[in-house]
Amino acid sequence: MSGIDSRIVIVGLPEVARALNADAEQAIWFTQAYVFGATIAVLFIGRTADIIGRVRIYNIGFTIFTVGSLLTGLAQSSDQVIFFRGVQGFGSAFLTTVSATLIVDATPRNELGFAVGLNQIAFRAGSMAGLTISGVILSFLDWRFLFLINVPIGIFGTLWSRGKLKEIAPLDIAAPMDWMGFGLITISITGLLLALTFAAYGTSSIYVVTLFFLISFAALVLFAYQETKTDHPLLDLSLLKIPEFTGGSIAVMINATAWGALLLIISLYFQIGIGMTPLQAGILILPFEFAFLATGPLSGRLSDRRGQTPFTVGGLVIQCTALFLFSTLNTSSSYILAVIYMIIFGAGVGIFASPNMSSVMGNVPANRRGIASAFRTTLWSVGYVVSLNLAIVLMSFTLPYQTVSSLIASNTATISASGRELFVQSLKSTYFWLGIINATAIVPSLFGPLSRSRKSKRPEADNSTLVSQLPDPPPPTKPHDD
């Protein structure tokens, strides 16, 4: 369900925007609000689940997700859809975060890989299904059923989880929640997104944009200070001393910023630029998902043998190549070309993702991998959310914002040839700049190798200094019965 809803509005965005008379930024927030709600939830779900119980958090998440779906389907305005989509995304984060923990708690060690893999496949299958289900729904039903489809399943899941799931993990009620840190990072992310939102409106909003950027930066600085002073930080900033962790986390955030909006603007290209139906657009986007699934496991296995850096850098280069190829598409281009470029891009994402995860998590002490995973996930989510707004800002550099809005909310069958051509020109510029942004992720991906290279060139006499600069080793743990 969570996977479906992460994709279901991508294809249906023009339809929903037209029904609610939404402008381009409001339409982007239909998708962005969901990811934003999930992003801020990740920061504290893991800690809260340890305090009040994982099953209880899972039950709460199912309820929030279902109520959010119902309210989104009943919404009467763009603002209501945005708010309730945020609620829906907030609930989805409970499900995706805690479900993996519940599986680890309940599954024997010799079956854990299969169980966790099955859960990941379920999410990915939902993501793929969301691209086609949306097209089918919009072919026969009102846009509201994009969200109302979750309600009967959500009611069943909520009741089932309350009746069947039992808490088996010990609770850790001693450590407090870092509410100050949570509030500051939420303000920082919100300020950044609002700055980008108003930036798309043009120079008339320059003072508002500046104000939100300053608020975002100030909150981020205060958050960093707070995390260094509290005994129970929301994010462990000392992990940034590890070059592989720092470089890999920065790289994944830049990469998410570059490609997070790609599927959305590809969908707009198919529907507005070429004149396809939502169902046709959803089907044509599927090759990206298939290429990602095909290359991800293979890249992960090969990187275990040959090292992560060639695959992280190689995956980024392939993605940049695909983005630059996308920038050559126009209204007369064959859709087969777009499909080929999507396969190339999906392969690049798959090649990059697993080795990046291994590089980040494999260099972190075992007792800090939970917080490290949350840190990396948060940076990826922030990049993904920013990408959606950034795409509209980049499009507005080529095409006036009002024109972008009117084309997105128009009936695609009535758009003139000149209108399609103008819209595709704005997409071409967006692809190009996203490719430039993605290329910058190559530099932090090299932090680990560069750090090792510098250390290997130092004389042996400096070894004591090197050791003193490394993060403290994890404390010894008592043996326990698995």
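What is the volume of the second largest pocket? The volume of the second largest pocket is about 600 Å³, where a pocket is an open set of points on a 1 Å grid over the protein atoms alone at which a 1.4 Å probe fits, with protein on both sides within 12 Å along at least five of seven lines. This is a predicted model, in which local features need pLDDT of at least 70 and side-chain atom pairs count only at pLDDT 80 or more, while totals for chains, interfaces and linings use all residues. Residues are numbered from 1 along each chain as its sequence is written, and side-chain values use heavy atoms, with hydrogens and water left out.

The second largest pocket is lined by 23 residues, lining residues being those with an atom within 4 Å of a point, and Ile185, Leu220, Met253, Leu379 and Val382 lie nearest its centre. Two or more lining residues come from each of α8 (179-199), α9 (206-229), α10 and α15 (369-398), helices being DSSP runs of H or I with at least four residues, numbered from the N terminus.

Turning to salt bridges, defined as a side-chain nitrogen of Lys or Arg within 4 Å of a carboxyl oxygen of Asp or Glu, the count comes to three. One of them joins Asp5 and Arg85, whose closest N and O atoms are 3.8 Å apart; because Asp5 lies in helix α1 (residues 2-20) and Arg85 in helix α4 (residues 78-106), the pair ties together parts that are 80 residues apart in sequence. Both Asp5 and Arg85 are buried, that is, under 20% relative accessible area with a 1.4 Å probe and protein chains only, as against over 50% for exposed and in between for partly exposed.

Technical notes. Points joined across faces, edges and corners; volume = space filled by probe spheres on them.
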